[in-house]
Amino acid sequence: MKILRVLCSPRGPRSESYRLSESIVEALRRRHPDAHVVERPVAQTAISHVDEGYADAVGGYGLPADPSMTGSLAASEQLIQELESADCVIIATPMHNYTVPSGLKAWLDHIVRIDRTFASAPEGKVGTLRDRPVYVAVSSGGRYSGERVRQPDFLTPYLSAILNTVGLVDIRYFSVQGTGLGPAALAQARQKAGRDLAAFFVLPVAN
Ligand SMILES: Cc1cc2nc3c(=O)[nH]c(=O)nc-3n(C[C@H](O)[C@H](O)[C@H](O)COP(=O)(O)O)c2cc1C
């Protein structure tokens, strides 16, 4: 089984979202000991923003796509093929300014492409990718769900909507919320994430 792990934190392997995604990898490996992970970092300069040729080609101006498929079109094709070849996807992401960080947005701009991963139909956009499980590991400085919420959440509804657009509907969120609220809150949030993972993947709960 091939797991595509999209790493979105500028903090790399030190990040909380990476740490949470490690637990998801471990849980998947219990079920699929042969699983191998392909990492796709997208933070900082790991992938570019889409370029002019790409915006021309997909923007609906009737301009022909560059047949040489250079620049963002080539990057888009590579990232889409990487996604297509995965049996499941893990997205490890922090919340930035209530939504996805810019690196994840750049990756989405490459993989959500008209006439490639979705079609425009009279009823709206229709995804063309085969569905597969997507596990999202979110880390946030404050809380965005539950009873003590102090901020809006444009991350999870947006990410679900855009993944649905390309045909990915089997999406499961796990989170460590409140990383900036002190060591006790962080420990509690990690424990809760561990319980949520154990319940979902039917794992023994760590004490
Ligand atoms: C640019 C930036 C914007 C942020 N915006 C938010 C936010 O809107 N809400 C929030 O709860 N935390 C916010 N944070 C805090 C991060 O979500 C938090 O530190 C998170 O645990 C980082 O996860 P990571 O270690 O996986 O990068 C922001 C952090 C940065 C760097």
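## Around the ligand

An oxygen atom of the ligand sits 2.6 Å from an N or O atom in the side chain of Ser139, a polar contact in the sense of a pair of N or O atoms within 3.5 Å. This is a predicted model, in which local features need pLDDT of at least 70, side-chain atom pairs count only at pLDDT 80 or more, and totals for chains, interfaces and linings use all residues. Residues are numbered from 1 along each chain as its sequence is written, and side-chain values use heavy atoms, with hydrogens and water left out.

Ser9 also has a side-chain N or O atom 2.5 Å from an oxygen atom of the ligand, and for Arg11 a polar side-chain atom lies 2.5 Å from a ligand oxygen. On its own the ligand has 630 Å² of accessible area, and the protein covers 71% of that (Shrake-Rupley method, 1.4 Å probe).

## The shell

The ligand has 16 residues around it, and Ser9, Arg11, Ser17, Ser139 and Thr179 come nearest; a residue is near if one of its heavy atoms lies within 4 Å. By class, the shell holds three nonpolar, 11 polar and two charged residues (Asp, Glu, Lys and Arg count as charged; Ala, Val, Leu, Ile, Met, Phe, Trp, Tyr, Cys and Pro as nonpolar; the others, Gly among them, as polar). Helix H1 (16-31) and strand S6 (134-140) each supply at least two shell residues; helices (H or I, at least four residues) and strands (E, at least two) are DSSP runs, numbered from the N terminus.

## A helix pair

Now to H3 and H4: Ser72, Ala75, Ser76, Leu79, Ile80 and Leu83 in H3 meet Trp107, His110 and Ile111 in H4, with contact meaning heavy atoms within 4.5 Å. That contact has six nonpolar, three polar and no charged residues.

Terms used
Polar contact = N/O pair within 3.5 Å; in protein donor to acceptor, adjacent residues only side chain to side chain.
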